[in-house]
Amino acid sequence: MDSESTSDAIGSTTEHAAPGNGAAGGAAPENGAITLDLTIKRDISTPLYLQLAGGIEDAIRSGVLPPGSRLENELALSKRLKLSRPTVRQGIQELVDKGMLVRKRGVGTQVVQAPVNRQVALTSLYDDLRTAGKAPRTDIIEYRIGRPSPEALDRLQLSPGEQVLDLIRVRYADGEPLAVMRNTIPERIAPSREALAASGLYACLRERGITTVLAHERIGATIADEEHAELLEEEIGAPLLTMERKSFANDGSVVEFGYHVYRASRYSFEVTLVDS
């Protein structure tokens, strides 16, 4: 049992606002806040604040709590679910820390855009967003064909005289900026500007008969400089995730290399580990 207040730990009953497991739905009272159908079980080992956080997170991911909607206040939640206010506050803070909720003075607790959770795999962010039910959009910041830099010449294993496409895009999810993507591609296989604005890079390459089968990837972290803060609508110094990738086609040729920067408040990588 978690170390919560005595009022949270009496008995081994289940408290709920409506039947169901987690967040089955919600209703909007006159003040505009949404009241969720949450289930809190006191006879299991999961801490109460994590049960509360899990139910609210399920509601956000399922669309019951859409971006911009307001959650009922902590006092109302604690009374309705018979939880202490510190427990409710801790559960809400879990989701604030995940970037799913934000507390606004004079407004209350509000839902922000649900973060994208992405498996580390050889896939396109554009395709992953569509699979997750989000609406991707791409703004082309730079589309330039020219002579390769010494780094591009080495990484892409180019022949003398070959040119490259230097590409900078901002990828949006449901209208909100998510990532700044810089890629360099051999000019001979480069998709058009229009194709890249309408689809993901790997989908464009597949349409040209090029399939990526292998990539080397490195994930890291940085903080937002002035450029990334502006493009991603973050504060200067905000945490960002980074990914460097070099991709190969099935004939062994290098397809592209890139450096992508993601909003840490809206994006995470997920890795499955296997004991060898």
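Let's start with what helix H3 packs against: its buried residues (buried is under 20% relative accessible area, exposed over 50%, partly exposed in between, with a 1.4 Å probe and protein chains only) are in contact, meaning heavy atoms within 4.5 Å, with H1, strand E5 (70–71), H2, strand E6 (101–104) and strand E7 (108–111). Helices (H or I, at least four residues) and strands (E, at least two) are DSSP runs, numbered from the N terminus.

A quick word on the model: it is predicted, so local features need pLDDT of at least 70 and side-chain atom pairs count only at pLDDT 80 or more, while totals for chains, interfaces and linings use all residues. Residues are numbered from 1 along each chain as its sequence is written, and side-chain values use heavy atoms, leaving out hydrogens and water.

Back to H3. Which residues are buried in H3? They are Thr 87, Val 88, Gly 91, Ile 92 and Leu 95. After H3 comes Gly 99, with a positive phi near 80 degrees.

Of its 21 residues, Leu 36, Leu 52, Ile 56, Leu 65, Leu 71 and Leu 101 touch the most other members. Strand E3 (33–36), H1 (48–62), H2 (74–81) and H3 (85–97) each supply at least two residues, and H1 gives the most, with six.

Methods. Core = buried A, V, L, I, M, F, W, Y, C linked by side-chain atoms within 4.5 Å.
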